[in-house]
Amino acid sequence: NMSKSIRIYSFDIPSELDSKLTPQIKQILGGISESGNSEFQESELKSLINELAESGKLKTRQNPWRIFQYYRANMISAGICKMSNSAEDSEEIDEAVNQ
């Protein structure tokens, strides 16, 4: 059942971040690094990013999750973030991401 599958994000954050990355994405990646986790369910990642904004580590006037979503494709193509589903339909997700 597609609706039951949980989206999983895994991060491989390089110690030297690309200088082309914007301050906001560096702030998000910094917060993920500090959390000590590299794999999150989408709901967990959402609350971490919201906490970063509330604590002032992520500086934004916009919805913090939308900022993450905005940069998600960049992070995936840079190899920093992988997105998969915990259910059996992960192949379909990979194809959607690669198009």
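Reader: Which residues in helix 3 meet Glu-42, Leu-45, Lys-46, Ile-49, Asn-50 and Ala-53 in helix 2?
Author: Helices are DSSP runs of H or I with at least four residues, strands are runs of E with at least two, and both are numbered from the N terminus. Residues count as meeting, or in contact, when heavy atoms lie within 4.5 Å. On the helix 3 side, the residues that meet those of helix 2 are Pro-64, Trp-65, Phe-68 and Arg-72.

Reader: How many residues of each class does the contact of helix 2 with helix 3 have?
Author: Ala, Val, Leu, Ile, Met, Phe, Trp, Tyr, Cys and Pro count as nonpolar, Asp, Glu, Lys and Arg as charged, and the others, Gly among them, as polar. Sorted that way, the contact has six nonpolar, one polar and three charged residues.

Reader: Thanks! What kind of model is this?
Author: Residues are numbered from 1 along each chain as its sequence is written, and side-chain values use heavy atoms, with hydrogens and water left out. Local features need pLDDT of at least 70, side-chain atom pairs count only at pLDDT 80 or more, and totals for chains, interfaces and linings use all residues: this model is predicted.

Reader: At roughly what angle do the axes of helix 2 and helix 3 cross?
Author: Axes are lines fitted to C-alpha atoms, for helices over the stretch in contact, and angles run from 0 to 180 degrees between N-to-C directions. Helix 2 covers residues 42–55 and helix 3 covers residues 64–77. Their axes come within 8 Å, and the crossing angle is roughly 115 degrees.

Reader: What share of the 99 residues in the chain is buried?
Author: A residue is buried under 20% relative accessible area, exposed over 50% and partly exposed in between, using a 1.4 Å probe and protein chains only. For the 99 residues in the chain, the buried share is 30%.

Reader: How far apart are the ring centres of Trp-65 and Phe-68?
Author: Rings of Phe, Tyr and Trp (its six-membered ring) pair if their centres lie within 6.5 Å; planes under 30 degrees apart count as stacked, over 60 as edge-to-face and the rest as tilted. The whole structure has six aromatic pairs. Trp-65 and Phe-68 are three residues apart in helix 3, about one turn of the helix. Their planes are 20 degrees apart, so the pair is stacked, and the centre-to-centre distance is 4.9 Å.

Reader: Is Trp-65 buried or exposed?
Author: Trp-65 is linked by ring pairs into a cluster with Tyr-9, Phe-11, Phe-40 and Phe-68. Phe-68 has a relative accessibility of 0% and counts as buried. The relative accessible area of Trp-65 is 8%, so Trp-65 is buried.

Reader: Which residues is Gln-24 in contact with, leaving aside its neighbours within four places in sequence?
Author: Gln-24 is found in helix 1. Its relative accessible area is 19%, so Gln-24 counts as buried. Away from its sequence neighbours, Gln-24 is in contact with Leu-58, Lys-59, Thr-60, Ile-67 and Tyr-71.

Reader: How far apart in space are Asp-12 and Met-75, C-alpha to C-alpha?
Author: Asp-12 is in the loop between strand 1 and helix 1, and at 54% relative accessibility Asp-12 counts as exposed. Not counting residues up to four places away in sequence, Asp-12 touches Gly-79 and Ile-80. Asp-12 and Met-75 are 63 residues apart in sequence, and their C-alpha distance is 9.9 Å.
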